[in-house]
Amino acid sequence: GQLFLIKHLLILREQIAPFDVSFAVREVGLDFSHFKDAAFSLFNHRRDLFKLTGQNALLEFVLQSGPTLTENYVDSKKDVDNHLKRACEQFIISVTQALTAPIEEYITKANTLLDLAMSGKVGTKIKLSRQPFADPRKVHEVVNKNFQLLEKVLPNILHLMRLYLANRDTEYILFKPIKANVLQQYKQLSELVQKSYTEEEQGIVACPATEQIAGLLVTPS
């Protein structure tokens with residue numbers, strides 16, 4: 001669905017790009033934001049409803065509660081670009097999460113525990129590898145699960161990008177931040193394992209090298 005939206009926003013931007021004219025549209029509306037304050041004031045001064053002076057509450061309500069005419073100019077070109085930017089950002093985030101969910105969950109849990117230990121809330125002598133979720137063999141299972149996820153999900157994502165975008169440059173631009181995000185997650189995992197596990201435990205975890213992951217994250221062609 002996100003790729004479908006991105007594709008048609010790109011088409012729309014291409015269609016309006018050749019026209020060297022202003023696409024600003026004037027929108028006129030009514031602002032009723034003063035009505036609430038005026039009604040509240042009328043309620044508080046209900047004893048003055050029938051005063052024959054300039055402080056007549058009913059007269060003040062009528063004068064103050066009226067809507068205000070507002071004008072807003074919307075630049076259609078900028079509006080399309082903003083929608084396109086948001087759609088691309090959402091796609092990048094969702095794909096990154098789809099490719100790194102298992103290791104991201106482990107990293108979040110591990111960092112939360114280490115932060116609590118540093119703050120003294122769970123004891124400063126806590127050892128990460130002794131925690132049930134962070135046992136070296138458990139982490140190895142997480143690493144394997146994520147690697148299998150990459151091998152299974154990534155080809156389908158690249159296929160959909162080629163199918164919907166059908167433009168090598170666009171595919172490259174959109175895929176580049178996804179690749180960077182995935183590599184960043186594996187870098188964080190590697191640094192965490194090296195900092196919190198012994199060499200023997202690191203061997204059990206068997207965290208893949210960044211180059212190995214980068215080899216899987218091939219640029220769409």
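Select Asp 135 to start: Asp 135 caps the N-terminal end of H5, with a side-chain oxygen 3.0 Å from the backbone nitrogen of Arg 137. That pair is a polar contact, meaning N or O atoms within 3.5 Å; within protein, one must be able to donate a hydrogen and the other to accept it, and residues adjacent in sequence count only if both atoms are side-chain atoms. The model is predicted: local features need pLDDT of at least 70, side-chain atom pairs count only at pLDDT 80 or more, and totals for chains, interfaces and linings use all residues. Residues are numbered from 1 along each chain as its sequence is written, and side-chain values use heavy atoms, with hydrogens and water left out.

**The whole chain**

Helices (H or I, at least four residues) and strands (E, at least two) are DSSP runs, numbered from the N terminus. Of the 221 residues, 29% are buried. Buried means under 20% relative accessible area, exposed over 50%, and partly exposed in between (1.4 Å probe, protein chains only). Contacts are heavy atoms within 4.5 Å; of those with a separation of 6 or more, 79% join residues 24 or more positions apart.

**Helix H5**

Select residues 136-165. The 30 residues of this helix should span 44 Å at 1.5 Å a residue, and the end C-alpha atoms are 41 Å apart, which agrees. The expected span is 1.5 Å times one less than the number of residues.

Where does H5 bend? The bend, about 30°, is at Val 153, and Pro 155 follows within four residues. A bend at a residue is the angle between axes fitted to the seven residues ending there and the seven starting there.

Colour the buried positions of H5 next; among them are Val 139, Val 143, Asn 146, Phe 147, Leu 150 and Leu 154. An α-helix has 3.6 residues a turn, so residues three or four places apart point the same way.

Asn 146 is buried, with a relative accessible area of 0%. A polar atom of the Asn 146 side chain lies 2.9 Å from the backbone oxygen of Leu 99. Leaving out residues up to four places away in sequence, Asn 146 touches Leu 99, Thr 100, Ala 101, Pro 102, Ile 103 and Tyr 186.

**From H5 to H6**

Step to Ala 166, in the loop between H5 and H6. Its phi is near 50°, a positive value in a residue other than glycine. Is Ala 166 buried or exposed? Ala 166 is exposed, at 61% relative accessible area.

Asn 167 caps the N-terminal end of H6, placing a side-chain oxygen 3.1 Å from the backbone nitrogen of Asp 169. Select residues 168-196 for H6 itself: 29 residues reach 42 Å from first C-alpha to last, close to the 42 Å expected. A kink of about 30° lies at Phe 175, shortly before Pro 177. The buried residues of H6 include Phe 175, Ile 178, Val 182, Tyr 186 and Leu 189.

**Two last stops**

Ala 206 sits in the loop between helix H7 (199-205) and helix H8 (210-216). Here too phi is positive, near 55°, in a residue other than glycine. Ala 206 counts as partly exposed, at 38% relative accessibility.

Finish at Lys 109, in helix H4 (residues 76-119). Lys 109 is partly exposed, at 42% relative accessibility.
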